[in-house]
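Please keep the structure in view while reading.

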Amino acid sequence: MKAARLVLLQIKYQERAFRRNPAAAFFTIAFPLIFLVILNVIFGGNDLNLGDRVISGATFYIPAIAALTIVNSCYTSIAMSWVFDRDGGVLKRVRGSPLPPWAFLFGRIAHAMILMLALLVLVVLFGWLFYDVDVPGQTMPAVLVTLAVGAFAFCAMGFAIAAMVPNADAAPAVVNASILPLLFISDVFIPPDAGTPAWVEHVSSVFPVRHLSEALQTGFNPFETGAGFEPVHLGVIAAWGVVGLLVTLRFSSWEPRV
Amino acid sequence: MAEAVIEVRGLRKRYGDLDAVRGIDLRIERGEVFALLGPNGAGKTTTVEILEGHRSRSAGEVNVLGFDPGRNEVALKERMGIVLQHTGLEPYLTVSETVDMFRGFYPRPLPLDEVLEVVGLEEQRDQRVRRLSGGQQRRLDVAVGLAGDPELLFLDEPTTGFDPTARRGAWAMIRSLRELGKTVLLTTHYLDEAQALADRVAIMVRGEIVAEDTPAGLVAADADAVIRFRAPQGAALPDGLGLREADEGLIEARTIDPTRDLNTLTSWALGEGIELEDLTVSRLSLEDVFLRLTDEGDGEVVS
């Protein structure tokens, strides 16, 4: 019970600090919606051929932006905040207090998850209201499982990349350079039939972002007749998560590296 | 003998080929304010971080409040407070929220009002951390270190970067910690700070403790006084006084018998018809002792 209290205390103060910085909070929330609107304006009018099915551009972009939201909330924001906390001495201070490190960690992750879920609900609601995109029904369990696996993997990779970043000044450059190209080649920003060369798709198939977006596409596909589970995609995502976890455990540190 | 809060025997730390700490012994008793002094790179921070549990040691025995800090036990962390050099606090929380958050980590925290009173931040209690001045942020660091009502407090350079007024305020705060019965291990660059606050001082040089005593004892262990003056260029100075060149063109001599040595010096000056400009006789400060201990080779003997 003491453990739960400590984690809740972390979440409470994190959430309070988040609200107190309205500019950061606003753009964190607006970020996926801005992408959703812009991409829909540019590509949304075209119907897309996905295999033997035709879906609207908007139906494509809701799961795509959901994937972006997972990547952003887990990978990018966790990596950045971990590096900043490490360099700012926050982690060292926690280590010198009786707060168990895992409670601090859990508080950070839980806050990121709460924010991610809120943003995902917002994105799906936005699609339903303005773009006539169906909310998944029978595939909902598959979507939630994908979400859980994706959140685990991208959080783990966020901590792993943070361990690779030498200092806070380098964090935005390293983190963005490691993820933005993948978002472009993994059918997140650019729809699959936009003429992406096959070899690019082969390259991106090695990395987890494509598997996340494809698993979510299945979950949101209105023509999907099954439960919508994508074991291969989920397996690749989970494998990356395990690699991230191992790198984190091996190389992560609590001390500033300056 | 009073109870030891910190006891260290034969502590060593190696980084590769570098011996950062070369076998030191320390004993700090309950209720003491103990200052660890030394030039940069002397091994102070390494020593303190080993005591805090932030760093492992290569050899030696370390006992802090009956625990081995290397084992990272929560029961020890609940009884000590650490004030680091860097703040690392959430800028968007208020002062009282920050202290309250840390109070929440401890089983028997100090009441919020008492923490704020000791560090003198009552008026800033609802202010955001980012709006505090540098001195106020440093006070908040101390407040966070005190939140759990620790028996032992580590203070790492608590007044670095302060203006003189802020320093005096911080000194008053550290004195009030002593009144609360806290044991304080202070590291500082400022010798006047150690002299003003510490019950005992250890001076560390190149990984070893070269002197350890009360500030008065350290000063008394050395010669009693120092004579300083200026003489014209090329003047043949008298023998037997141990005169040497000091900073800013001054010539100085340490003496255990200032009356006799001053007589020798002034008789010589009168005989030669030399005016001894800026002539002073003063007690040694801790700084004089420190400089002698940490920088033996400096100051050439001129006669």
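In what order do the six strands of the open sheet in chain B lie, and what is the pairing?

The model is predicted, and in it six strands of chain B form an open sheet that runs in the order β5-β6-β7-β3-β8-β9, with mixed pairing. Its edges are formed by β5 (80–83) and β9 (208–213) of chain B, each of which pairs on one side only. On average, and with direction ignored, neighbouring strands of this sheet are turned by 15° against each other.

Helix α10 (residues 286–294) of chain B lies across β3 (33–37), β8 and β9 of chain B, and runs at about 30° to β8(B).

## Two helices in contact

Helix α3 (residues 95–103) and helix α5 (residues 134–146), both of chain B, have axes that come within 8 Å and cross at roughly 30°. Because angles under 35 degrees count as roughly parallel, this crossing makes α3(B) roughly parallel to α5(B). The crossing of α3(B) and α5(B) is right-handed.

On the side of α3(B), the contact is made by B:V95, B:T98, B:V99 and B:F102, while α5(B) contributes B:L140, B:A143 and B:V144.

Key
Residues numbered from 1 in each chain as written. Chains lettered and ligands numbered in written order. Predicted model: local features only at pLDDT ≥ 70, side-chain atom pairs only at ≥ 80, totals over all residues. Axes fitted to C-alpha atoms, helices over the stretch in contact; angles between N-to-C directions. Helix = DSSP H or I, 4+ residues; strand = E, 2+ residues; numbered from the N terminus. Parallel < 35°, antiparallel > 145°, perpendicular 65-115°, else oblique. Left-handed = near helix turned anticlockwise from the far one by under 90°. Contact = placed C-beta atoms within 7 Å. Pairing = 2+ DSSP bridges.
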